[in-house]
Amino acid sequence: MVDPEKEKAMEEITFKSDTVLSDVHLNTPNKRHLMVRLNTVGQPVFLSQFKLLWNKVSCKDTHVKDKKQKDIQIENTVLDDRSIQESYGKNSNGIDFLNKNETQTCSSMRIEALLDNDGDLEVVRRPRLFSETKQKEPSRNKTHPKVLSQGAENRNEEQENIHHNMVKIEHTMATPLEDVGKQVWRGAFLLADYILFQCDLFKNCTVLELGAGTGIASIITATIAKTVYCTDVGEDLLTMCERNVALNRNLTATRGGAVKVKELDWLKDDLCTDPQVPFSWSEEEISDLYAHTTILMAADVFYDDDLTDALFKTLYRITHNLKNACTIYLSIEKRLNFTLRHLDITCEAYNHFRFSLNDLEKFRDGKMKFIVEPIEATFPQFLVYERIEQLELWKIVATPIS
Ligand SMILES: C[S@@+](CC[C@H](N)C(=O)[O-])C[C@H]1O[C@@H](n2cnc3c(N)ncnc32)[C@H](O)[C@@H]1O
């Protein structure tokens, strides 16, 4: 029997003044229907699934990418469920891509995907490119995750997940600021898109994600990389994250590697090795982390200046402990607000992030050199979300000075 208290909590999603809601979860239809349980702190948990629009060129050599980029952008349209079912195939790595038949030409495949059962043309929308959004004010296109329901329908969805590359994520909605990691943020999608596009850079690598939240970017990375250390803070968040890793094992185990959910608090200097503490590190894991990690990444973690400082200190500390040079990928969403202090529309958290990047690049300790560069967000979308102009991706190459 359902506890009446819990039932009441599940029916009421209260938006208080101190709660934040990720745009990813806006306009999610039929919210009550989608809740799966309450977490240990009484927050309603939802189960959403996010389609991976795998692409034929996603795992090809970088040299052919530029040549094919135009094609990819045309092919990688946002398709409805039916057209996606029709147009999936497998590439040599066993990875599904948007093509029904290996022998079909791209153009015939595209036309087929655009026709409905009666042969009527279905108009699909190509994700906007960064350069286009600059030219004219974009109209807001609303997207929402596909959300699973409970019971028999859920089992059907599970089958669909196996066949059609759905990432299933448990998350909450409308959390207080300290629980933002329990929601999915657009920055994670931007980072995941880049990883799927540049997957040859991530193949067989050891990757460390900081502030991973629900774990969605780590899970997607693990379809390519060898080991992903997926880190954050807080036992209930990490428990949710570990559950998400388990929910998606079909995607990661067959294609890539392992996701290890661990606690890594930017406000602490050391990794916890106490075996009594959940999500602590073993000595072997720490050795593996420092010996093999070549990629660090973090999505949408710059919203509080003190935390930004702590994150940059953590990046500095970890890169100094790594045996090899590494590349750091950081995504950020510039959230603009009008402030009385500036009498203008500004994003102070973004400005602080840019100052921190500058400081890191100027920093000289004779041990490590950091080179910072923006990555233009013109790569194709493998996930359905609104790639707004305010989403940015940054790359930092950290090289030891010998
Ligand atoms: C806006 S969420 C982004 C979550 C996820 N990367 C995404 O894009 O969906 C920010 C994340 O930073 C994490 N975080 C905040 N303070 C932290 C700290 N001191 N150490 C580690 N992670 C922290 C939060 O727990 C949360 O998961």
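Guide: A residue is called buried under 20% relative accessible area, exposed over 50%, and partly exposed in between (1.4 Å probe, protein chains only). This is a predicted model, in which local features need pLDDT of at least 70 and side-chain atom pairs count only at pLDDT 80 or more, while totals for chains, interfaces and linings use all residues. Residues are numbered from 1 along each chain as its sequence is written, and side-chain values use heavy atoms, with hydrogens and water left out.

Visitor: Why is Met-173 called buried?

Guide: Its relative accessibility is 7%. The cut-off for buried is under 20%, so Met-173 counts as buried. Met-173 is in the loop between β7 and β8; helices (H or I, at least four residues) and strands (E, at least two) are DSSP runs numbered from the N terminus.

Visitor: What makes the phi of Ala-174 worth a remark?

Guide: Ala-174 is not a glycine, yet has a positive phi of about 50 degrees. Most residues other than glycine have a negative phi. Ala-174 also belongs to the loop between β7 (166-171) and β8 (175-176). With a relative accessible area of 10%, Ala-174 is therefore buried.

Visitor: Is Asn-204, which also has a positive phi, buried or exposed, and how do you know?

Guide: Asn-204 has a relative accessible area of 57%, so it is exposed. Its phi is about 60 degrees, and Asn-204 sits in the loop between α9 (199-202) and β9 (206-210).

Visitor: What makes the pair Ser-48 and His-171 a polar contact?

Guide: The side chains of Ser-48 and His-171 come to 2.6 Å in this contact. A polar contact is a pair of N or O atoms within 3.5 Å; within protein, one must be able to donate a hydrogen and the other to accept it, and residues adjacent in sequence count only if both atoms are side-chain atoms. The 2.6 Å pair meets that limit, so it is counted. Ser-48 is part of strand β3 (residues 44-51), and with a relative accessible area of 1% it is buried.

Visitor: What is Asn-165 called by its relative accessibility, and why?

Guide: Asn-165 is at 0%, so it counts as buried. Asn-165 lies in the loop between α7 (152-164) and β7. Its C-alpha atom is 8.4 Å from that of Phe-50, 115 residues away along the chain.

Visitor: Why is Ile-401 called partly exposed?

Guide: Its relative accessibility is 43%, and the class covers what falls between the buried and exposed limits, so the label follows. Ile-401 is in the segment after β17 (391-400). Ile-401 and Lys-367 are 34 residues apart in sequence, with 5.1 Å from C-alpha to C-alpha.

Visitor: Which residues come nearest to the ligand?

Guide: Of 21 residues around the ligand, Gly-211, Asp-232, Asp-265, Trp-266 and Ala-299 come nearest; a residue is near if one of its heavy atoms lies within 4 Å. By class, the shell has 14 nonpolar, four polar and three charged residues.

Note on methods:
Ala, Val, Leu, Ile, Met, Phe, Trp, Tyr, Cys and Pro count as nonpolar, Asp, Glu, Lys and Arg as charged, and the others, Gly among them, as polar.
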